[in-house]
Amino acid sequence: MRLNRQLAQATQRGDLSGQADKQQQLGLLLYHQGNYASGIRHLLQAQNILRRTDQADRLAENLNQLGTVYYYNRQPRLARRQFDEAEDIYQRTQNWLGLAQTYGNIGHLYEKEGDLPTALHYQHRALAQHRGTRQPASLAVIYENLGSIYEDQARYDSARFYYQSALRLLPSADRSGQIGLINNLGDIYRKTGQYTPALQQYRQSVRQARQLNDKYQLNGAYRDMGKTFQLLAQHDSAYHYFEASHDLTDTLYAIETNRQIALMQTLHDVERKDNQIAQLHDRERLNVLITGGTIAGLLLTGGLALVIISRQRLKIRTEAARSQQATQIYQTQRDLMEAELTNKQLSEENLRYQLQLKGQQLTSHTLHLIQKNQVLDDLRADLNTLLSDDKRDQRRQLKQVVQKIGQSFSHDKNWDDFRATFDQVHPRFMADLLRQHPDLTSAELRLAALLRMNMTSADTATLLGISADSLRVSRYRLRKKLELGEGESLSAFVQRFGS
């Protein structure tokens with residue numbers, strides 16, 4: 001209860017270091033009382049504060065304490081995790097005493113888990129770190145741990161050496177620790193068959209335990225004396241000490257039970273009082289907030305009423321002006337939209353008229369070419385008939401005329417006029433076709449244009465000045481360049497472009 005009051009005072013002052021210290025003390029107190037869960041909770045709260053305030057050595061000390069409590073709470077993995085982090089911190093800060101204590105904790109953990117070689121390795125590492133620290137009490141703990149491991153390995157000479165070394169280093173004030181070591185030496189004598197020295201050690205433990213009224217040590221000494229008398233076949237004495245140990249066990253159990261009940265009752269009372277205090281503080285804060293909120297609400301309501309009235313008047317005037325302005329804007333926009341719509345309709349009609357006119361011009365121009373080429377074709381046929389005569393001079397002259405007519409089929413300017421008119425009616429046809437097939441010749445482009453106009457084969461041959469057979473050859477070459485498959489229509493394919 002005193003620690004809780006001190007923790008509350010440190011919290012009120014904002015003293016983080018004091019809060020961490022009190023949380024840690026509470027955690028250790030609850031751990032020694034056997035309430036491991038509550039002890040872990042307080043130690044974790046202390047750890048959070050120490051991490052925020054960047055207190056490395058104190059954090060490592062907390063980690064060692066928390067690892068010990070985790071072990072006794074049967075959570076060895078969590079315990080090892082705490083010890084490993086503490087080891088890293090002490091290595092970084094070069095705190096050799098803290099590092100030695102951490103190695104001792106890890107060794108003790110492995111000993112209780114039954115891994116004696118690893119436990120021995122870590123205890124020797126702890127011993128190597130301890131020898132330069134001049135801390136006999138801490139060194140005594142390491143010696144005792146080493147003695148315990150050697151005892152578990154049945155290496156009794158080494159165990160006795162380390163127990164005796166620990167006993168010499170242990171401060172005289174630690175009477176309980178001395179009793180434990182004396183009892184351990186008795187175990188070594190008993191396990192090696194030296195029953196008389198063993199009983200001497202146990203009787204010394206009993207005397208000192210009675211002087212201190214240390215029932216735990218007394219219970220252990222009685223139990224070990226019973227085992228020794230049993231080995232000596234002195235069954236009455238063995239029975240006597242076993243019964244004394246049994247009676248002490250019942251007494252200790254009752255004491256421990258009552259202590260746990262008292263502890264739980266105390267924790268419950270503290271928690272209940274803390275909750276009541278917190279509720280009172282909450283009610284006080286709530287009352288202050290309600291009073292202040294009421295006054296502020298009344299002032300705010302009056303101010304808001306004045307603001308609302310003035311803003312409402314201003315809003316009415318503003319809305320009226322906006323309404324008039326919006327009406328004028330709407331009327332202007334409607335007139336503009338109507339004028340724009342009329343312009344668009346006239347523009348569309350003009351475009352349709354221009355397109356219709358160009359189509360008529362293209363058709364008329366095409367018919368003119370057809371008629372011209374038909375006349376030229378007839379003329380060429382007549383001249384070919386005259387060429388069959390035997391008169392050489394006349395034949396040479398007529399041949400020249402035929403050649404000129406043939407050239408007119410290829411270079412007639414009317415084709416340029418046709419191309420210009422065609423591009424106006426079908427503006428994207430040539431560009432789309434050449435983009436996909438850039439290797440087409442001028443003659444192939446003319447044939448494709450005539451196919452786009454759906455000209456018959458006869459009219460196409462006449463316009464191009466070639467025979468029907470030559471037209472078939474030209475169509476075949478065009479199909480090949482356009483990479484058309486067998487059975488695919490050339491005319492249908494051409495119609496896709498420029499649409």
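View 1. Among what covers the buried residues of H8 are helix H6 (96–113), helix H7 (116–130), helix H9 (156–169) and helix H10 (175–191). Helices here are DSSP runs (H or I, at least four residues), numbered from the N terminus. Welcome to a predicted model: local features need pLDDT of at least 70, side-chain atom pairs count only at pLDDT 80 or more, and totals for chains, interfaces and linings use all residues. Residue numbers start from 1 along each chain as its sequence is written, and side-chain values use heavy atoms, leaving out hydrogens and water. H8 itself spans residues 136–152 and has 17 residues. From first C-alpha to last, H8 reaches 24 Å, close to the 24 Å expected at 1.5 Å a residue (the expected span being 1.5 Å times one less than the number of residues). Its buried residues include Leu139, Ile142, Leu146 and Tyr150; buried means under 20% relative accessible area, exposed over 50%, and partly exposed in between (1.4 Å probe, protein chains only). Just after H8, look for Ala154, which takes a positive phi of about 65°.

**View 2. Gly226 is a buried residue of helix H12.** Gly226 lies in H12, residues 215–231, and counts as buried because its relative accessibility is 0%. Leaving aside residues up to four places away in sequence, Gly226 touches Ala238, Tyr241 and Phe242, where contact means heavy atoms within 4.5 Å. Its C-alpha is 8.8 Å from that of Glu243, 17 residues apart along the chain.

**View 3. Tyr31 and Tyr36 form a tilted aromatic pair.** A search of the whole structure finds 13 aromatic pairs. The ring centres of Tyr31 and Tyr36 are 6.0 Å apart and their planes meet at 40°, so this pair is tilted. Rings of Phe, Tyr and Trp (its six-membered ring) pair if their centres lie within 6.5 Å; planes under 30 degrees apart count as stacked, over 60 as edge-to-face and the rest as tilted. Tyr31 is buried, at 16% relative accessible area, while Tyr36 is partly exposed, at 24%. Together with Tyr71 and Tyr72, these two tyrosines form one aromatic cluster.

**View 4. Tyr143 and Tyr162 form a tilted pair too.** Their rings sit 5.7 Å centre to centre, with 40° between the planes. This pair links distant parts of the chain, with Tyr143 in H8 and Tyr162 in H9, 19 residues apart. Tyr143 is buried at 13% relative accessible area, and Tyr162 is buried at 12%.

Definitions and conventions. Helix = DSSP H or I, 4+ residues; strand = E, 2+ residues; numbered from the N terminus.
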